[in-house]
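Work through the exercises below with the sequence and the model open. Each task is followed by a solution in steps.

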Amino acid sequence: MSDRFSATLYRRRAAVLWVSALVVVLAAVGGLGVEHRLVHGGFSDPHSESARAERLVGEHFPSAGDDLVLLLHGTTPVDSPAMTSLGTALTRRVAQSRGVRAATSYWTAGRAPSLRSRDGSIGLISLSLRGDEDERAKTAERLVPDVRRHAPRLTVMAAGPAQVQSEVGKRTAHDLLLAEAIAMPITLVLLLLVFGSAVAAALPLVIALLSVLVTRAVLNALAGIVPISVYSMNSTTALGLGLGIDYSLFILARFREELHGGATVREALGPTVRKAGRTVAFSGLTVALSLVALLVFPQFFLRSFAYGGITVVLSAAAGAVFVLPALLAVLGHRVNRYDVFARLRGPMRVGASATAPEDGRWYRFAMAVMRRPVLCGGGAVLVLAVLASPFVRLSPGLFDDRSLPSASQVHRATQLLRDRFDADALGTVPVVVEGVGRDRPQTLEPYARALSAVRDVRQVTAATGTYAAGRQVQGPGPAGAALVDADSTLLLVVSSVEQDSSAGTRLVGGIRKVTPPDGGVVSVGGRAAEIKDSTSAIARATPKAIGIVVGFSLVLLFLFTGSVLMPVKALALNTLSLSATFGAMVYVFQEGHLSFLVGSPLPTDTLDATIPILTFCVAFGLSMDYEVFLLSRIRERYLRTGDNTESVAFGLQHTGRIITAAAVLVAAVLFVFAVSGVTLLKLLGVGLALAVVLDATLVRAVLVPSFMRLAGRANWWAPGPLRRLHDRVGLREDAEG
C-alpha cells in the first residue's frame, strides 16, 4: 500500500502541488483578521466559586469592584481644593464612560484612607467594568488614554487585572513580531548549515508556512464558536515552524540517503514514503493525541492551545507526507543545489553519509555507551534527578503584573500600591453571602466576627460594622448601606498578605473553613480565590490529562513496535526528562536563580500553573516524535539482523545527526521567546526548548542505548495474545526495509 501511495504521488505530483497551492491560498484568505477575533484571559475556571463571587459583586455591589484602578498624582496633595475638584470631576467622567459599571474614588467615597497613599500625594479611582475578561481589557485599553488626555495636569497610572490583561496582550503581540524577526534569519542560516543546500533549506519553510496558514484559518473559524486565546497564535507559529522543520528533516534525510545509495528519484521516493513518511505520520498522530489532553481543562487558555496545536501538528504531518514528496519528485537531484556553506562545513550533510555505519561517530558513541550501560545510564539519570529536584518546591499560581518587565507602566503602578498604600489596596477579599439581606442583620454579625479571627485577617467590614480579632471595633457607618441589598450581603476582608502570593491562597482556605451564617450561601472571591480555584481545577483535571497522554502513547507505541517494554521505557524516560525541565523552571522562574540567563524576569514565589501542563503535553509529544524516529531505524535493522546491540548503534548512527539537527533548530526557534518581556511567553519558550535539548541529548544519546543494551532481546518481547494482536492490527515492517 505504501509503495502504491508513493507511486501515485510520483505520477500525480503536479496535481498534488496545484491542490496544495489552492489550499495555501484559501487558508491565507480564511485566516485574515484572526488576530482581531482572539480574546484575552482564559486562565481561570469559569465554573468556580471565585467566578461566581465576581459575578455577584458586579451585579449586586458594583461600587466594590476594582477591575481597573487609576492612580492620580498632582502637584498638590490629594486633600487640596484643586486636587479635590479635579479628582471629583474625573471620577464622574469615567463613571459615565462606555463599559464602566461603577466608579468610586477617594474624593467621592468619604475620603476613605484605603484610597489614598500614606503620604497623601496619590489618590485612587476604583472602577468596576462590564463584560468578561476580554471586554474589560478592551475597555481599559480605550479608557486609560482617554483619562490621560482629559487630565493633562495630572500624572495618571493604571493598575488592576483589566489593565494587566491589556498590557500583556499588547506586549505579547509586539514580542511575537520581534521573536519572529529574530528566529527567521537564525533558522534560515541553521537550515542552510544542516541541509547543505539552499533548495533543501527552503522546503521545511514551505511546510511550516502551509501548517501555520491552515491553523490560522481553523482558529479564525473556531473563534466564532468558542473563545480562542490571543496566546494560541504564539504556539501555532513556533510549533508549526518547529514541526515543519522536524518532519521535513526526516523525509529529506531518507530521500537523500536513498539517492546517495544509487536509487533513481522514483526509486528513492518509495522507501522515503514507506519508512520516513510513515514514521512522520505516526509521530504526528502521537503528538496530536498528546495535545488532546489539554481539552479536559476548564480554562479556555489551555483549550485554545489544543485547538491550534492539534491543527498545526496534523497540517505539518500532512504537508510532510503529501506535499514534500511531490516537491521532491519534481526537484529530484536538484534538491542538493546551491550549497552556500560547502567550504565552511565540508562535504558532509544530513542524509548523505559517506562512511560505513561502523565508522560513524554516533555509531562509535553508542557502542561506547553500551559497553558501560550502568555507568553511563546511571550518570544521566543522576544529572536529570538533580535538575528535577527543585520541582518538589513548586508553588502554582497565575501570572500578574510581575509577568511584565519592571519598567512597564502597570507594574510600576501596582508596585506603588504595594509600597505606598495600606493593605486594603491589594489585600481585600470580597465575600458574598446570598440569602442574608437587610432583613436578617443579626445572623451576619457572628459570621463577621469569626472571619476577623482568621489568621492574616486585619479587619472585616460589613453592613453591621467593622470587626478585628474576633470582636467589633466600630459600629455600622453610612458606607455600610452599600454592602447589603434585599437578599445578599458583601463583606470586605482586609488581610495583611498580598493576594498574588501563596500566603493569599492559604488565607482563602482559612476564610472558606468558617461556618457560613444560617440560611446563607457563601462565595469567596478576589484574586487569591481565583488563583486557588484555578490551580485546584488544574490539579483535578491533571490525572485525566496524564491518563489520556499515557494511554494513547502506550497504545500507539505498541502498535508501532509490537513491544510491551518499549512503550513503558519511553514513558519512564520522558517523565524523567520532563521532571528535569520542570525543576529548572521552578529554580529559575519561581525562585529567581540564574535568571540573567533568560533576561532577568521579575521573581515571584509562584509559577504560573498553566505552563507546566502546557509544557508537559507539547514536550511529551515532541519527545515521542524523536522516540518514534529513532525506534523506527533500530527496529528496521533488528528485523534484518537480529542483533540488538548493533541495531541500536546503527539506529543512532542514522538518526543521531538528524535528531540533533532537528533539536537544535526547534530549540533555536523556542529559545527566541526568551527575548519576550512577558514572563509567560519566556517561561513557555525556554521550558519547551530545554525539554527538547534534554530529550535529544541525555535521553536519546545516552539513556536509550543504555536501557536497550541492558534489556537485550526483551526490548522486543510481548506476550502471545498481544503479539497476535499486533500481527493483526499493528504496523508491520518487512525485514528487507
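**Exercise 1. Locate A469 and decide whether A469 is buried or exposed.**

Step 1. A469 sits in the loop between β8 and β9. Strands here are DSSP runs of E with at least two residues, helices are runs of H or I with at least four residues, and both are numbered from the N terminus.

Step 2. The phi of A469 is positive, about 55°, although the residue is not a glycine.

Step 3. A469 has 65% relative accessibility, so A469 counts as exposed. Buried means under 20% relative accessible area, exposed over 50%, and partly exposed in between (1.4 Å probe, protein chains only).

The model is predicted: local features need pLDDT of at least 70 and side-chain atom pairs pLDDT 80 or more, while totals for chains, interfaces and linings use all residues. Residues are numbered from 1 along each chain as its sequence is written, and side-chain values use heavy atoms, with hydrogens and water left out.

**Exercise 2. In which order do the strands of the six-stranded open sheet lie?**

Step 1. The order is β9-β8-β7-β10-β6-β11, with antiparallel pairing. Two strands pair if DSSP finds at least two bridges between them.

Step 2. β9 (471–474) and β11 (521–524) are at the edges with a single partner strand each, so one side of each has no neighbour in the sheet.

Step 3. From one strand to the next, the twist averages 25°. Axes are lines fitted to C-alpha atoms, for helices over the stretch in contact, and angles run from 0 to 180 degrees between N-to-C directions.

Step 4. Take β7 (residues 457–462) and its partners. Three bridges link β7 to β8 (residues 465–468) in the antiparallel sense, and T461 has T466 of β8 as its bridge partner. The two strands form a hairpin with two residues between them. Four bridges link β7 to β10 (residues 488–495), again antiparallel, and V460 stands opposite V493 in β10.

Step 5. V433 has V522 of β11 as its bridge partner.

**Exercise 3. Describe the four-stranded sheet and the helix that packs on the sheet.**

Step 1. The strands of this open sheet follow the order β2-β3-β1-β4 and pair antiparallel. β2 (100–105) and β4 (155–159) are the edge strands, each pairing on one side only.

Step 2. Neighbouring strands are turned by 20° against each other on average, direction ignored.

Step 3. β1 (residues 68–73) pairs with β4 over five antiparallel bridges, where A158 in β4 is the bridge partner of L70.

Step 4. Helix α14 (residues 409–420) packs on the sheet and touches β1, β3 (122–129) and β4; the direction of α14 makes about 90° with that of β4. Contact means heavy atoms within 4.5 Å.

Step 5. β2 and β3 pair over five antiparallel bridges, and S128 in β3 is the bridge partner of A102. Of the six residues of β2, five are buried.

**Exercise 4. Characterise the packing of α6 with α7.**

Step 1. The axes of α6 (residues 161–195) and α7 (residues 198–222) come within 8 Å and cross at roughly 130°. The pair is therefore oblique; angles under 35 degrees count as roughly parallel, over 145 as roughly antiparallel, 65 to 115 as roughly perpendicular and the rest as oblique.

Step 2. α6 passes α7 in a right-handed crossing. A crossing is left-handed if the near helix is turned anticlockwise from the far one by less than a right angle, and right-handed if clockwise.

Step 3. M184, L188, L191, L192 and F195 of α6 make the contact with A198, A200, A201, P204 and L205 of α7.

Step 4. By class, these are ten nonpolar, no polar and no charged residues. Ala, Val, Leu, Ile, Met, Phe, Trp, Tyr, Cys and Pro count as nonpolar, Asp, Glu, Lys and Arg as charged, and the others, Gly among them, as polar.
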